[in-house]
Amino acid sequence: ELLDPAGLELDREIVYVDLTLDEERLWRESFTHACRKNINRARREGVRVVEATSAAQVDELHRIYEMTMDRQGALEGYYFPPGYFRSFREHLPDNSRILLAEHEGKVIAATLYLHDDSDAYSYLGGADHAFQGLRPTNAIVYEMIRWARAEGKQRLVLGGGYGPGDGIMRFKASFSPLRAPFHVYKRVYLPDAYAALREAWRDHYGVDGETTGFFPPYRAVPT
């Protein structure tokens with residue numbers, strides 16, 4: 001059997017927004033009071049959300065994303081070259097959308113979304129921490145919700161956090177009380193090749209693969 005149920009493992013809870021609700025119900029019943037306040041604040045402060053339609057605008061997403069990774073001390077594997085972001089606009093123009101939040105002509109937050117016939121997904125993004133008080137990411141998510149509803153999507157999947165109840169999870173949860181379990185699948189199909197790769201990785205780095213928290217363990221690059 002290709003997919004053995006024993007290989008399924010619960011990874012985390014994720015947040016999704018029910019886009020079949022009308023805008024009034026979303027505003028009143030799905031968004032928390034704090035979320036509504038933050039959306040209104042972004043509007044009062046003159047934050048403007050626009051869709052990236054040029055290579056230069058896509059590069060602003062890369063700049064914001066890299067700035068965010070630097071601030072979070074992300075591992076090297078979480079960094080992507082500018083061409084990675086441009087490729088979505090070039091090769092998936094009908095299934096991707098990049099939104100930028102601008103304030104006084106400066107891009108201060110950005111998010112890349114993917115979408116299919118029924119769902120939209122928050123993928124990569126970030127914000128300039130110096131402008132956090134203007135709540136630009138709230139403005140971006142709200143604009144994506146409105147656009148996705150108008151396009152007939154049923155759900156906006158915001159994802160989860162790094163850990164239960166962390167700041168990222170609390171931010172996403174402010175847009176919706178709805179949760180879904182997110183599973184990953186772990187199964188070794190070529191045990192001899194897997195064992196050889198694990199041994200080579202362990203000999204190279206001198207680290208016990210069982211302590212990395214990664215599957216397979218050689219995805220990790222010890223620092």
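I started with Arg-36 and found it in helix H2, which covers residues 33–44. Helices here are DSSP runs of H or I with at least four residues, strands are runs of E with at least two, and both are numbered from the N terminus. A note on the source: this is a predicted model, in which local features need pLDDT of at least 70 and side-chain atom pairs count only at pLDDT 80 or more, while totals for chains, interfaces and linings use all residues. Residues are numbered from 1 along each chain as its sequence is written, and side-chain values use heavy atoms, with hydrogens and water left out.

Next I asked which residues Arg-36 is in contact with, leaving aside neighbours within four places in sequence. I listed Trp-27, Arg-28 and Phe-31; contact means heavy atoms within 4.5 Å. I also looked up the C-alpha distance from Arg-36 to Ala-109: the two are 18 Å apart in space and 73 residues apart in sequence.

**The whole protein**

I then stepped back and counted seven helices and seven strands. Read from the N terminus on, the elements run β-α-α-β-α-α-β-β-β-α-β-α-β-α. Along the principal axes, the C-alpha atoms fill a box of roughly 60 × 35 × 35 Å. Of the 223 residues, 35% are buried. My cut-offs for that are under 20% relative accessible area for buried, over 50% for exposed, and partly exposed in between, using a 1.4 Å probe and protein chains only. Taking contacts with a separation of 6 or more, I noted that 67% come from residues 24 or more positions apart.

**H1 against H5**

Two packed helices are described by the angle between their axes and the distance between the axes. What are these values for H1 and H5? For helix H1 (residues 23–30) and helix H5 (residues 136–150), I read an angle of about 145° and axes 11 Å apart. The axes are lines fitted to C-alpha atoms, for helices over the stretch in contact, and the angles run from 0 to 180 degrees between N-to-C directions.

On the H1 side I found Glu-23, Leu-26 and Trp-27, and they meet Tyr-142, Ile-145, Arg-146 and Arg-149 of H5. By class, this contact has four nonpolar, three charged and no polar residues. In this scheme Ala, Val, Leu, Ile, Met, Phe, Trp, Tyr, Cys and Pro are nonpolar, Asp, Glu, Lys and Arg are charged, and the others, Gly among them, are polar.

**Two buried residues**

Thr-111 sits in strand S4 (residues 106–115). I call Thr-111 buried because its relative accessible area is 7%. Beyond four places in sequence, Thr-111 is in contact with a list of residues that includes Leu-61, Leu-99, Leu-124 and Ile-140.

Ser-176 lies in the loop between helix H6 (167–173) and strand S7 (179–185). Is Ser-176 buried or exposed? Its relative accessible area is 1%, so I marked Ser-176 as buried. Not counting residues up to four places away in sequence, Ser-176 touches Val-15, Tyr-16, Val-17 and Ser-30. A polar atom of the Ser-176 side chain lies 2.6 Å from the backbone oxygen of Tyr-16.

**The loop between S3 and S4**

I found both Glu-104 and Gly-105 in this loop. Glu-104 is not a glycine, yet I read a positive phi of about 55° for it. Glu-104 counts as exposed because its relative accessibility is 75%. Gly-105 is exposed too, at 69%.

**Arg-135**

In the loop between strand S5 (119–127) and H5 I came to Arg-135. Arg-135 also has a positive phi of about 55° without being a glycine. At 28% relative accessible area, Arg-135 is partly exposed.

**H7 and what follows**

Just after H7, I saw Gly-206 with a positive phi of about 65°. In the segment after H7 I also found Pro-216, which is joined to Phe-215 by a cis peptide bond with omega about -10°.

Methods. Polar contact = N/O pair within 3.5 Å; in protein donor to acceptor, adjacent residues only side chain to side chain.
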